[in-house]
Amino acid sequence: MLKHGGLALGSLGTFSLPALSQAIQASSSPFKRPRLKITDVRTAQVSVHGPQTHVRIYTDAGLIGQGESTDAAVGSAALIRSFRRGLVGQDPLNVEALWERIRTSGVFAGAQGGQYTTALTGVEIALWDLAGKALGLPVYQLLGGKFRDKVRIYCDSGRDDVLTPESEKKIDWIKSQGFTAMKVDLDDAADPNRFDRVNWTANNAEIDRMVKWVEHVKGIIPASMDFACDMHGRYDAPTGKKVAKVLEPFRLLWLEEPVPPEDIDALVDIRHSTTTPICVGENIYMRWGYKEIFEKRAADIIMPDIQKTGGLAEAKKIADMSHAYEIPFAPHCVVSPIGQMASAHVCASIPNFLVCEWHWIDNLDTWKSFVQEGEIIQKGYITVTDKPGLGVEMNEEAAKKVQIPNTPWFEPGM
Ligand code: MG
């Protein structure tokens with residue numbers, strides 16, 4: 001017979017599941033489990049690198065949890081309002097149960113991905129922040145503890161023609177900041193070599209332009225700096241295959257989404273045709289979205305967006321699945337220091353972490369002032385904080401400067 005806090009689990013047969021759950025919660029009170037109830041959920045929306053929705057979850061104890069979701073965040077404020085019914089009055093420490101309840105209650109309303117999952121993601125991250133604050137522990141501790149103190153960050157240089165002097169200045173800045181990896185975008189709708197703005201079959205001149213860009217950047221960054229290239233899932237399979245092949249001599253860290261990531265067989269085909277590592281995932285949602293990618297071995301590296309894919313626990317589950325296939329985890333990340341630190345907690349708590357994106361190079365003033373803690377990236381790394389919760393707090397004045405006009409700012413009932 002197994003005893004836990006005075007509860008005899010050997011007598012399971014006499015309990016219904018809800019009663020058992022209640023009994024376990026009651027029995028754990030000697031260990032000072034905080035008793036909290038959610039009283040409100042509010043949002044604010046900003047636009048920096050695309051739209052971000054910030055979520056705050058309020059409790060009867062006065063503690064507030066904050067989360068952030070991105071990209072598919074437009075429209076998520078209304079969805080989060082609709083989640084209030086499933087949250088207000090609930091114990092916020094049951095993070096995964098609340099998440100599952102909201103997910104399953106939305107299966108006929110798009111809970112398989114997109115805006116619904118993105119909205120749920122912001123809520124989930126706020127629940128973890130709240131749980132950490134309630135328990136006095138950093139979020140990485142709640143995710144199972146850390147494998148590393150510092151999380152390696154790469155700089156996405158943004159959508160630039162890399163041959164311009166401005167771009168060269170930017171790359172100099174990236175080097176001076178101590179980043180050990182960077183990324184450029186190879187897709188360029190304005191490439192004059194293109195015959196058609198809609199069709200994404202690249203001709204040889206367009207592919208030569210891509211090679212020239214890669215050659216140029218490789219020539220001005222240190223040999224030790226990792227270099228990744230993104231095609232944003234725009235091109236077709238023959239193009240993806242050709243580009244992966246011609247870039248082989250550059251030993252890229254990865255080639256990102258040469259074809260739309262939902263075409264898993266095309267990814268497999270490209271992957272088998274080249275030694276260039278193929279990376280996918282920023283628009284793939286939750287563990288179910290990754291299953292076939294793993295089973296068919298369609299990617300060398302995966303890059304879930306932790307502010308979209310379902311949240312911190314979901315990202316960790318995806319990372320653990322990828323670990324079982326020897327696939328490194330290199331999350332997409334285009335959010336404020338709040339979301340970036342949330343991602344860092346996940347990256348610290350998994351064995352197969354490779355590198356995490358940072359994408360606010362074109363918004364440095366906003367980046368540095370967005371949280372009260374200031375700059376959180378030092379020499380290309382984030383040290384995960386030991387403060388309770390996520391460990392960073394919004395600087396309201398700075399964040400408000402990038403508020404999306406005519407949207408609520410954490411007003412009640414909105
Ligand atoms: Mg990308």
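Helices (H or I, at least four residues) and strands (E, at least two) are DSSP runs, numbered from the N terminus.

## Basis of the model

This is a predicted model, in which local features need pLDDT of at least 70 and side-chain atom pairs count only at pLDDT 80 or more, while totals for chains, interfaces and linings use all residues. Residues are numbered from 1 along each chain as its sequence is written, and side-chain values use heavy atoms, with hydrogens and water left out.

## Domains and their interface

The chain is divided into domain 1 (38-137) and domain 2 (141-390), with bounds that come from an automatic or database domain assignment. The C-alpha centres of domain 1 and domain 2 lie 25 Å apart, and 30 residues of domain 1 are in contact with 34 residues of domain 2, contact meaning heavy atoms within 4.5 Å.

The area buried between domain 1 and domain 2 (the accessible area, with a 1.4 Å probe, that two parts lose on being put together, summed over both) is about 2,600 Å², of which carbon and sulfur atoms give 68%.

## Salt bridges

A salt bridge is a side-chain nitrogen of Lys or Arg within 4 Å of a carboxyl oxygen of Asp or Glu, and by this rule the count comes to 29 salt bridges. Between domain 1 and domain 2 the count is 1 salt bridge; the side chains of Lys 317 and Glu 96 meet in a salt bridge at 2.4 Å, N to O.

Arg 103 and Glu 100 also meet through their side chains in a salt bridge, at 3.0 Å, N to O. Because Arg 103 and Glu 100 are 3 residues apart in helix H3, they are separated by about one helical turn.

## The magnesium ion

The protein donors of the magnesium ion are Asp 230 (OD), Glu 256 (OE) and Glu 282 (OE), lying 1.9 to 2.2 Å from the ion. Donors are N, O and S atoms within 2.8 Å of the metal (3.2 Å for Na, K and Ca), and water is not among the atoms, so sites may look incomplete.
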